[in-house]
Structure formats: C-alpha cells, structure tokens
Amino acid sequence: MSAVDVFNVQVLDNPAPFANTLQFEITYEVRETLTQDIEWKVTYVGSAENQAHDQELDCVLLPADTPGRFKFVLEVDPPEPKLIPSQDLVGVTIILLTCSYREREFLRVGYYVNNEYTDSELQENPPATPVIDKIVRNIVGDQPRVTKFRHKFDFGDPNEELSVDRQAEIQAERDTLTEEARKRNTANAAV
C-alpha cells in the first residue's frame, strides 16, 4: 500500500478555448504522515518529436504531514503557443499530471489532448500560422493513462539513487504516450 493514494482526477472546464487555464480537481489520501510536501506538476507536451518543446505549466507543493482525504483544484496557465512548433499546435498531444515525493515521481496521469478549429473553414483550410483564439482544446478526461511507480516515501534510504531501470521505466512511459499521440495525428491527417 502506498503512503499516498490518488482517488480521482477530474478535468474541469473542458472542452475550452486553447488560451483558457487548465483545471484539474484532485482527490487524494495521505495514509502515512510524511516529513516533506507532495509535489504536483502539470506538463504540456508541445511536440511528440522533441522533448525540448515540453512546457512545465505549474508545480505546487502540498503538505502531507496529516493523514486524511483531501481535495483541491489545480489550475494552471495554458501553454505558451510561441514555444510550440506551429505544425504541432493543432492536432493530438498529451498533458502529464505527475505527483512526486522527495523529487521522485510515484504517480503519472497522462491525458490525450485534441486541439482543433471549430470553424469548418479553418478545419478544411488551416492557416499557415495558427489562429490561437480559434483553437479549442479538448482533454480526453474520461480516458486517462495512469501509471504508478514504486516509492519508499519515508520508509527507505532517502539517499538511494534512482536506478537505471527506474529511469528507463519513467522515460519509456513518456515515449509510449508521445508515440501514441504521434500515431493519432498521423491517422487524423490521413482522414
């Protein structure tokens, strides 16, 4: 059993214009008193081709020193469109919600995101330079990909390094999600 369990993550204000904030209502339980805060982070994958376009939208710390069930809304600014390759602004990508303790991830929730024009003219003839205020973001909130990683929390050696296997496991999960987003984009482009 984990010292922290996440019971529910609900995507709020969805679908929404691309420039709106992203909101996640998170319900979790602290089962064991911990000595440090839990870190919640939201990352927008700007391009399936290159991690350099990933944007950390926000990172918050919440105390875990009291056992109990908690609920909060994590509201983050949208990604900066200028940092996303123009060809990747419209189409499928992913958003990652991660939870860490002592700088070690123990939960990752991945969501597919479909950014599209709602105007039929723009859908049929997309402009060379995307029109951000015409793009709608739809997070597929009912189909999250949840991955849990083993974690010792305060009950093991805090100085123990991440094993090469664990690093590979975390990277492989991200690669799988981005590859699936790339395939969805290719399938959508063929239609």
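How many disulfides does the structure hold? The structure holds zero disulfides, a disulfide being a pair of cysteine sulfur atoms within 2.5 Å. Before I go on, please keep in mind that this is a predicted model, in which local features need pLDDT of at least 70 and side-chain atom pairs count only at pLDDT 80 or more, while totals for chains, interfaces and linings use all residues. Residues are numbered from 1 along each chain as its sequence is written, and side-chain values use heavy atoms, with hydrogens and water left out.

Let me turn to the strands, which, like helices, are DSSP runs numbered from the N terminus (E, at least two residues for strands; H or I, at least four for helices). Strand E3, residues 22–30, is mostly covered, since eight of its nine residues are buried; buried here means under 20% relative accessible area, exposed means over 50%, and partly exposed lies in between, with a 1.4 Å probe and protein chains only. Two strands are taken to pair if DSSP finds at least two bridges between them. On that criterion, E3 runs antiparallel to strand E1, residues 4–12, with eight bridges joining them, and Val4 stands opposite Val30 in E3. E3 also runs antiparallel to strand E6, residues 68–76, through nine bridges, and in this pairing Glu25 stands opposite Val73 in E6.

Next, the nonpolar cores, each a set of buried Ala, Val, Leu, Ile, Met, Phe, Trp, Tyr and Cys residues joined through side-chain atoms within 4.5 Å. The largest of them has 36 residues, and those with the most contacts inside it are Phe24, Ile26, Ile38 and Trp40. At least two residues of this core come from each of E1, E3, strand E4 (38–44), E6, E7, strand E8 (104–117) and strand E9 (135–139), and E8 gives the most, with six residues. A second, separate core of six residues includes Val45, Ile94, Tyr112 and Ala181.

Leaving aside neighbours within four places in sequence, Trp40 is in contact with several residues, among them Ile26, Phe72, Cys59, Thr98 and Cys99. Of these, Cys59 counts as partly exposed because its relative accessibility is 28%, whereas Cys99 is buried because its relative accessible area is 0%.

Finally, Thr98 lies in strand E7, residues 91–101, and counts as buried because its relative accessibility is 6%. Not counting residues up to four places away in sequence, Thr98 touches Glu39, Trp40, Lys41, Glu105, Leu107 and Arg108.

Methods. Contact means heavy atoms within 4.5 Å.
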